[in-house]
Amino acid sequence: QVTAAFNRITRHYEIRTVTKCKRYEQVFICYGPHDNQRLLLEYGFLASSNPHNVVNVDKDLLCNHISQKDKLMDRKMLFLQDEGLLGNLTFGLDGPSWRLLTVLKVFCLR
C-alpha cells in the first residue's frame with residue numbers, strides 16, 4: 001500500500017510505502033491506465049507507446065457534421081445533456097468509447 005502526494009513544505013512529490021526498502025534503492029510504481037494528457041498533467045511525462053492514449057472528440061465538432069435538417073436535434077441534445085453524456089467523448093486504440101457510441105446512436109435515431 002502506498003500514498004503519493006505533493007508535499008507543500010518540502011515542495012517535492014513524495015511516495016510513501018509500508019513495504020521496507022533501502023534508502024536510494026530503485027522502486028517502481030504503477031501510474032494506472034491513463035492517457036498521455038493525464039500523465040503529462042498529473043505526473044509531468046508522456047509515454048511514447050501508450051495503449052491508453054485517446055483522442056478527445058468535441059461535441060461541437062460532432063454537431064457540425066450532423067444534418068441540420070434533423071428536427072429532433074434540439075431534443076436529442078437536451079436528452080444527452082440531461083443524462084450527462086456529452087463529456088469525455090473519446091476514441092482510443094480499441095475504438096470509440098461507450099459515451100461516444102451512445103451519442104452517435106442517439107444522433108442516428110429518427
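The legends below describe close-up views of a predicted model.

**View 1. Cysteines without disulfides.** The structure holds zero disulfides, and two of its cysteines, Cys-30 and Cys-108, illustrate how the sulfur atoms are placed. For Cys-30, the closest cysteine sulfur belongs to Cys-21 and lies 17 Å away, which is too far for a bond, given that a disulfide requires two cysteine sulfur atoms within 2.5 Å. Cys-30 also counts as exposed, at 73% relative accessibility. For Cys-108, the closest cysteine sulfur is that of Cys-63, at 13 Å and therefore too far for a bond, and Cys-108 is likewise exposed, with a relative accessible area of 60%.

**View 2. A nonpolar patch on the surface.** Val-2, Phe-6, Tyr-13, Ile-15, Ile-29, Tyr-31 and Tyr-43 make up this patch, and together they have about 640 Å² of accessible area. At least two residues of the patch come from β1 (2–7), and at least two from β2 (12–17).

**View 3. An open sheet of three strands.** The strands follow the order β3-β4-β5, and their pairing is antiparallel. Because β3 (54–56) and β5 (95–96) stand at the edges, each with a single partner strand, one side of each is left without a neighbour in the sheet.

**View 4. The pairing of β4 with β5.** Strand β4 (residues 90–92) runs antiparallel to β5, and two bridges join them. Within this view, Phe-91 stands opposite Pro-96, a residue of β5.

Note on methods. Residues are numbered from 1 along each chain as its sequence is written. This is a predicted model: local features need pLDDT of at least 70, side-chain atom pairs count only at pLDDT 80 or more; totals for chains, interfaces and linings use all residues. Side-chain values use heavy atoms; hydrogens and water are left out. Buried means under 20% relative accessible area, exposed over 50%, partly exposed in between (1.4 Å probe, protein chains only). Patches are made of residues with over 30% relative accessible area and no salt bridge: like charges are joined within 9 Å, nonpolar side chains (Val, Leu, Ile, Met, Phe, Trp, Tyr) within 5 Å. Accessible areas come from the Shrake-Rupley method with a 1.4 Å probe; for residues, only the protein chains shown count as cover. A salt bridge is a side-chain nitrogen of Lys or Arg within 4 Å of a carboxyl oxygen of Asp or Glu. Helices (H or I, at least four residues) and strands (E, at least two) are DSSP runs, numbered from the N terminus. Two strands pair if DSSP finds at least two bridges between them.
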